[in-house]
Amino acid sequence: MDYTDIQKLEEVEATRLDFKEKVELTKAKSWLKTVVAFANTDGGHIVFGVTDDHKFVGLENPQAASSKISEKIVSMVSPNPLFTLTQIGGLSKGVVCIDLKVEAGPDYPYRYVNSQSRQAFVRRGDRSEKASDVELNALILRGQNRTYDALPSSYKLSDVSFTLLAATFKKMTGDDFDMAKDLESMGLVDSSGRVTNAGLLMCDQGYLRQSVVVCTRWKGLEKGSVDGDALDDKEYKDASLITLLSNAEDFIRTNSKNRWTIRGMVREEKSDYPFKAVREVLVNALIHRNYQILGTEIHVDIFDDRMEIMSPGGMMSGSRIQNMNKEHIPSMRRNEKISDIFGRLGFMDRRGSGIQRILNSYKNYSQEPTFYSDENIFLVTMPNRSFTCAKRVQKNPPQYTGKATLATKSKGQMVKKGSLTKEVGPQIAEKVTLANKSKGQMTEKGSLTKKVGLQTAKKVTLANKSKGQKAEKGSLTKEVGPQTAEKVTLANKSKGQTVEKGSLTKKVGPQTDEKSFSEYKIRADDLPIRLDLPAVGNVIDAIVEICKQKNRQGAFRDRTLKQLADFYTKYKSDYSFNRDALAAFFNIGPDAATKIIRKCCDLGIMRREKRSVYFFINLD
């Protein structure tokens, strides 16, 4: 081996490569544990005669060092792994290193042995660490050429049923499912009639307690970023893997939008996520997860801009997928029995091309899925293909110069929150200011000023005041040249107080036209700083007004109106919901929730996106 071979070694991922400056004999465990870890994981190289900063200093007596390395491995590693020793020359005059190449397996588990203990090590990233109990059990099964799902359980065939599996097999293959023969040939029961772990995963009852899928639709971009941030959540368990897969897919469809456009004479649908790729990720999560890790479950987390699917257990080889070439990842099955069944049912491709198909589904998009793994989890993040940069203005918008300032003063002083200035060229300037004041002080929220040239100005101001004070919300003034001005006014009076809400008056020359504020497409989402959620009272007024226009006064009781308004402030017109979400929020049964949704759709307060998926109209 020469210098060019050393350069090739340096291209090996850190998981499979280690350097030692010299051969330690008195502290041989420092490198023998790496030998054991390589043998237990995916093999690797140890290069002796190289410093930690990758300087090749060589060994004084390479031949003697090779003999000592062999002697230590044979006497202190059990069983003896497969290894080769190669001298590396051509580095510089008189510098010779040794490459120790360790093969993986097949007699797992390998242990470092001394007079006091027998320890198994595994490779985690670039470290060699003691194997956990779960990892040790997996190594023992691997050494026996068995997998966890092939192990027999305490259940008998009479304790379970496989009705769904038989029906699915018939539907997908066209062949009848022979219980007497197919259950044993698929590894769902053993020759003595005991149900295997694979049988527990595929039976109708789903008796393996760690077989759980938790799905959550989060509001916003992060967990816990908004009050009441879980818009929908479900936990699926006590069922066959086939049912869990179907339930997870339905949850994702329900909480995704299916946009469409007309191109020529053809309608083209563009879903948030490519569902063939979603199925691929879900199937991999179900069949490749480590079911030996108790107290864990598969998580599906949907955010505004992405979906994350996490399964317990990293890659079987101990490698980190984020450090690997995605086009050349070997196919390794942690659970061979259920992998084979899913392959027969057509739920997965046995050729190991799943990751490439997932990446190809995003070929025409700027973002692509990302993959991450460690010793505990495998995580796939799929971008929302419908999510645009315009909806992420709160994350460092490049067009904004200036900064946000926050000042607070109390008792007679003005409070300003979130002053933001935007300049684009010499003519355009935008500024948003928020101010709060209480007990005799003025409150202004969301003042927006925009100038384009010397003629156009827009301003939105909101003000609140209570107990005999004047409150104005959402007054919009628009001037275009010296001739055009727009203003709308809505007035509400209660107990001698005057409240003006969202008034807009439009004048073009001598004519006057009045429109409601909601008809102008100015919403909190369009502003660079998100305004407060709409007041419940305003939403109630909007619902009552819609009922009046439909001649349906009294369509809802006061309590139902209040609940509808509260439900709207959680979802607004941006997020979908279903019957179950409304039923849980109202604390009512599904049938009662269906009646409320049907009535709201008839009145035009809600709209049906697709089956079991609903949106509010804009009631701000």
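## Helices, strands and the overall picture

A helix here is a DSSP run of H or I that is at least four residues long, and a strand is a run of E with at least two; both are numbered from the N terminus. With that in hand, welcome to this predicted model. The protein has 15 helices and 33 strands.

How much of the protein is buried? Of its 620 residues, 44% are buried.

## Helix α4 and its buried side

Helix α4 covers residues 133-143, and Glu135, Leu139 and Leu141 are buried in it. These residues span an arc of only 160 degrees around the axis, so they sit on the same side of α4.

What covers these buried residues? The cover includes helix α2 (29-40) together with strands β8 (121-124) and β9 (127-130). After α4 comes Asn145, with a positive phi near 60 degrees.

## Gly199 in α7

Gly199 belongs to helix α7, which runs over residues 197-202. Is Gly199 buried or exposed? Its relative accessibility is 0%, so Gly199 counts as buried.

Leaving aside residues up to four places away in sequence, Gly199 touches Phe162 and Leu188. Leu151 lies 48 residues from Gly199 along the chain, and the C-alpha atoms of the two are 9.8 Å apart.

As background, most peptide bonds are trans. This model has a cis bond from Ser78 to Pro79, where omega is near -15 degrees. Pro79 is in the loop that links β3 (77-78) to β4 (83-88). Another cis bond leads from Gly105 to Pro106, with omega near 5 degrees; Pro106 is found in the loop between β5 (97-102) and β6 (111-113).

The loop between β3 and β4 also holds Pro81. With a relative accessible area of 5%, Pro81 is buried. Which residues does Pro81 touch? Not counting residues up to four places away in sequence, they are Val35, Ala39, Ile73, Val102 and Tyr110. Gly43 is 38 residues from Pro81 along the chain, and 9.9 Å separates their C-alpha atoms.

## How α12 packs against α13

Two packed helices are described by the angle between their axes and the distance between the axes. For α12 (residues 536-549) and α13 (residues 558-571), the angle is about 115 degrees and the axes are 9 Å apart. The crossing of α12 past α13 is right-handed.

Which residues meet in this packing? From α12 come Val536, Val539, Ile540, Ile543 and Val544, and from α13 come Leu561, Lys562, Leu564, Ala565, Asp566, Tyr568 and Thr569. By type, the residues of this contact are nine nonpolar, one polar and two charged.

Most residues other than glycine have a negative phi. Asn551 is not a glycine, yet its phi is positive, at about 55 degrees. Asn551 is in the loop between α12 and α13, and its relative accessibility of 64% makes Asn551 exposed.

Lys572, also not a glycine, has a positive phi of about 50 degrees. Lys572 is located in the loop between α13 and α14 (579-586). Is Lys572 buried or exposed? Its relative accessible area is 5%, so Lys572 is buried.

## Cysteines without disulfides

A disulfide is a covalent bond between the sulfur atoms of two cysteines. How many disulfides does the structure hold? The number is zero. A pair of cysteine sulfur atoms would have to be within 2.5 Å to count as one.

Cys547 has a relative accessibility of 4%, so Cys547 counts as buried. For Cys601, the closest cysteine sulfur is again in Cys600, at 7.0 Å, and this too is too far for a bond. Cys601 counts as partly exposed, with a relative accessibility of 26%.

Note on methods: Residues numbered from 1 in each chain as written. Predicted model: local features only at pLDDT ≥ 70, side-chain atom pairs only at ≥ 80, totals over all residues. Heavy atoms only, no water. Buried < 20%, exposed > 50% of the residue type's maximum accessible area, 1.4 Å probe, protein only. Arc of directions from axis to C-beta. Contact = heavy atoms within 4.5 Å. Axes fitted to C-alpha atoms, helices over the stretch in contact; angles between N-to-C directions. Left-handed = near helix turned anticlockwise from the far one by under 90°. Nonpolar A, V, L, I, M, F, W, Y, C, P; charged D, E, K, R; others polar.
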